[in-house]
Amino acid sequence: IFTLFYLLSCDNTSQSELDEKIIDIDSSILQFIVDTKGKEILDEPKIPAILMIKDNNDTLYNGHIGIELRGSTSQVFFDKKSYGVETWNQDGNDIDVGLAGFPPEEDWIFQGPYSDKSLIRNALIYDLSNKIGQYATRTQFFEMTLNGDFLGTYLLMEKIKRDKNRVDIEKLGPNDNEPKVISGGYIIKIDKSTGESSGHGDYNEDISFYSKYDPNGEEGKDKKIYFLYDVPSPENISKEQKNYIQSYINSFEEALLSNNFSDPITGYRQFIDVNSFVDFFLLNELSHNPDAYRLSTYMHKNRDSKLKMGPIWDFNIAFGNVNYCKGENVDNWIFKYNDYCPDDFWLVPFWWSKLLKDPYFANEVKSRWQELRQNALSDKIIFGRIDLLISKLETSGAIKRNFERWSILDQWIWPNSYVGTTYESEISYLKTWLSQRLTWMDSNIPSL
C-alpha cells in the first residue's frame, strides 16, 4: 500500500503531523500533492502553494510553487483542469528544480487529460517526436491531489522555452540589437492571442505581428495569419528584434511565393531548415491534428541559423478525437484544413501547400516517411509504445482511479468523435484509427 500524505501546510507541518493525515492508494505512480492553503487557483496570476512529490514512501520534492489555471477551451469546458506551475523558493522567486528527474527548470505544466479518454495522446506523440530526433516536451504520468481532493491522472510536461535542455537557442537580451547577435534566438508561435482567450480581436503589435499574405498567399485580404512573440517575451523583445523577425518571416514568404521559389539558393530554402519542416509535417499528418499549422504551432530560430519548425504541441484532439472539419477522418490531409472549414478564424498558412509544389520538398517528405516507417515510426514501435504507456497506468491502478473520479467513459466530452463505454473500447478505437491512418498514409504519401 502506498501511503499518500496530504500536505495541509507544508512549511509549518512536521513529518509526524503529516503522518496523521493519510490517504491510502495502492500505487507505484508518482503522487503530486498540492496545498494552496485554501486559496482559489486563478487564470492568472499564479498563487503561492506547496508541492510534495512522493514515489512510494520516498519524498522526491517538498517545496514552494506558484500555480495558475491554463488552457483555452479546456479551462472553460472541462471539469478537470490543467495548471501552469513555477517552482519557487520561500520568497516567491523562481528556482530551477528537476521535477521527476527531468532537467532542472522553473516552468512546468500539469496537464489533465479529460476529453482524451485514452489519457496518452500527448505522451505518445511527444515520445515519437523525440524518437525521430525532434525535441518535444518530456512527459511523466502522475496522480494529483489538490487541497485534499483527488483529481486522478495527470501528465507532467516541460513548458516550451529557451533552455539548453529544451529549445536550445541563444539567449537574446533586450540590448542584443547588433547585426552579429540579433539573428537569434527567437521562439514565435501561431496561436490564439492568449492561452485562455477564445476571442478573435485580441492581437496587437505589442504581442504579435501578422503576415502580409492571407492563407491563400494573396496580399491585402481580410483573413490574416498572426505570429505571437514567445521568446523573447512581449515584455522583453526590443523594437529592433521585432523588426528583424518580422522581416525574416516576410522574406521567407516572399521567396516561397516567388517564381523561382524552388531554387536551392535564391528560393525559400535559404530561410528554413527543411528537415524540421518535413518532420513537423509528418507528425501532424500522422496524428491528423486538426490544430496543426494554425494553432499551437511553434517555430524557432537560433543565431546565424535558419527557421525551424517545432516543437510540436497540444495533441489532445488528434488521433481521431474530434468531430468537426473532418478531423476524425483517416483518409485526407489535415494541411488542407482550409478546404474543410474555410470560415474558421484560424486557418492554415499557405506555406504547406506551396512547399509541396516543390518536387524537392515533396521528395524529402516521401523519403523521410519511408525511412521512419522502417524504424522510429514502424507499426511495432508505435503500437509497442502505446502498450507500454497503458501498461504503466494499468499496473499502478491509475486508470481505474481516474475514471472513478471522472465518470465520463460513456459520456460525450467536447469534441469527441467516438464515445466508448469502457477504457478498453477507447484504446481499441485509438489503435484501429491509427492503423487505418498509417495504411492510408503509406498509400498516399507517394502521390504527394
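Reader: What do the buried residues of α3 pack against?
Author: They pack against β7 (107-111), β8 (139-146), β9 (149-158), α5 (274-287), α9 (379-396) and α11. Bear in mind that this is a predicted model.

Reader: How many residues of α3 are buried?
Author: Nine of the 11 in helix α3 (residues 121-131), so the helix is mostly covered. Among them are Arg121, Asp127 and Tyr126.

Reader: And what follows α3?
Author: Gly133, with a positive phi near 95 degrees.

Reader: Changing topic. What is the pLDDT like for the chain?
Author: The average is 92, and 92% of the residues score at least 70. Over residues 1-24 pLDDT stays under 50.

Reader: How many salt bridges are there?
Author: The count comes to 23. One of them joins the side chains of Arg368 and Asp279, at 2.7 Å from N to O. Arg368 lies in helix α8 (residues 359-373) and Asp279 in helix α5, so the pair ties together parts that are 89 residues apart in sequence.

Reader: Is Asp279 buried or exposed?
Author: Asp279 is buried, with a relative accessible area of 3%. Arg368 also counts as buried, at 16%.

Reader: Which residue forms a salt bridge with Asp442?
Author: Arg373, with the closest N and O atoms 2.9 Å apart. Asp442 is in helix α11 and Arg373 in helix α8, so that pair links parts 69 residues apart in sequence.

Reader: Last one: which residues make the nonpolar surface patch?
Author: Trp412, Trp414 and Val419, over about 280 Å². Trp412 sits in the loop between α10 (398-405) and α11 (423-444).

Terms used: Residues are numbered from 1 along each chain as its sequence is written. This is a predicted model: local features need pLDDT of at least 70, side-chain atom pairs count only at pLDDT 80 or more; totals for chains, interfaces and linings use all residues. Side-chain values use heavy atoms; hydrogens and water are left out. pLDDT is the predictor's confidence in each residue, from 0 to 100. Contact means heavy atoms within 4.5 Å. Patches are made of residues with over 30% relative accessible area and no salt bridge: like charges are joined within 9 Å, nonpolar side chains (Val, Leu, Ile, Met, Phe, Trp, Tyr) within 5 Å. Accessible areas come from the Shrake-Rupley method with a 1.4 Å probe; for residues, only the protein chains shown count as cover. A salt bridge is a side-chain nitrogen of Lys or Arg within 4 Å of a carboxyl oxygen of Asp or Glu. Helices (H or I, at least four residues) and strands (E, at least two) are DSSP runs, numbered from the N terminus. Buried means under 20% relative accessible area, exposed over 50%, partly exposed in between (1.4 Å probe, protein chains only).
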